[in-house]
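Student: I'm new to this one. Could you show me how to read it, feature by feature?

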Amino acid sequence: MLYVGGKWVAEGEAAVHPEDRGYNFGDGIYEVVRIYKGKMFQWDAHIARLFRSAREIRMNLPWSAAELGTLARQLIDKNGITEDDDATLYLQISRGAAPRVHDIPDSIEPVIMGFARKKERPLAEMKKGQTAQLIEDIRWLRCDIKTLNLLGAVLVKQYAKDAGAQDCILHRNGIVTECSSSNVFAVKNGALYTHPADHLILHGITRQVVIDLARENGIPVYEEAFTTDFLKQADELFLTSTTAEIMPIIAVDGQPVGEGSIGPVALKLQDLFEQHINASVLV
Ligand code: PMP
């Protein structure tokens, strides 16, 4: 069951208004939330980011965080996701439908859409790692907003695939920013390096969890911009996201990173992350 504009509908029965601004302009925002064993992970952080995205695009949300929490819970329950299941929950809010002009219409009602579906964790892949291609970051300058307009991400991900890699690492004039749908960390001499949470990257929820876990466990973290040369000299690289969790990158542009397999710091962080998930699903 999906929730679309105030109604519960079966998949295949949902319709989009032809002048919905999410559809016409990518004018809207979204969140993807992880469900572990039937429970929402980091919900408060996701909802805070959703409200921040809304503010940044000048959209007034007519729902409270608590109302959205109730909706999320209903999406999980109505889709048969139980404490035996891992899943993802998708919530998107379009600015709404109005005759097509670029500026924001005065009276317009946001349209919410949500679904939840079972999704297994990428556990085997997290031990094996992925390959990546370094690509110029062609996206806009407000990557901190989780907007529906993902064409930049679509194109860079396809360039990476065309080059035979599984993912891409983006750079702006030689400064590494993030990946198409995840944040990136370099490990050098036992310390973590990642781009600061400014307008050039999405402030990833998993990124923050990893930073906190690292600091709590004595791993130094530098939220500092670093270059593609630094990236190529890194001992380890990994990306983080809600769905990919902590995914090692074992080769960049066909060259192995470190030993060309998952490194000790990524392994340690994966362990800490696992303990953190287990502790939070017990709550
Ligand atoms: N950066 C980008 C561009 C993303 O789209 C995402 C989300 N898929 C992330 C980083 C990771 O964010 P999160 O950990 O909150 O999923």
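Predicted model: local features only at pLDDT ≥ 70, side-chain atom pairs only at ≥ 80, totals over all residues.

Student: Okay, into which domains is the chain divided?

Tutor: Start with the bounds, then look at the spacing. Domain 1 covers 2–120 and domain 2 covers 124–281. Their C-alpha centres lie 26 Å apart. The contact takes 26 residues from domain 1 and 21 residues from domain 2.

Student: How is the area buried between domain 1 and domain 2 made up?

Tutor: Look at the total, then at the atoms behind it. About 2,100 Å² is buried between the two domains, and carbon and sulfur atoms give 61% of that. On the domain 1 side, Tyr30, Tyr36 and Arg49 lose the most area to domain 2, together 31% of what that side buries.

Student: Now the ligand. Which residues come nearest?

Tutor: There are 16 residues around the ligand, and Arg49, Glu178, Ile205, Thr206 and Thr242 come nearest.

Student: Which atoms of the protein lie by the ligand's oxygen and nitrogen atoms?

Tutor: A polar side-chain atom of Thr242 is 2.6 Å from a ligand oxygen. For Ile205, a backbone N or O atom sits 2.8 Å from an oxygen atom of the ligand, and for Ser181 a backbone N or O atom is 2.9 Å from a ligand nitrogen. Taken alone, the ligand exposes 400 Å², and the protein buries 90% of that.

Student: Which residue classes form the shell?

Tutor: Three nonpolar, nine polar and four charged residues.

Methods: Residues numbered from 1 in each chain as written. Heavy atoms only, no water. Near = heavy atom within 4 Å. Polar contact = N/O pair within 3.5 Å; in protein donor to acceptor, adjacent residues only side chain to side chain. Areas by Shrake-Rupley, 256 points an atom, 1.4 Å probe, with all protein chains shown as cover. Nonpolar A, V, L, I, M, F, W, Y, C, P; charged D, E, K, R; others polar. Domains from an automatic or database assignment. Contact = heavy atoms within 4.5 Å. Buried area = accessible area lost by both parts, 1.4 Å probe.
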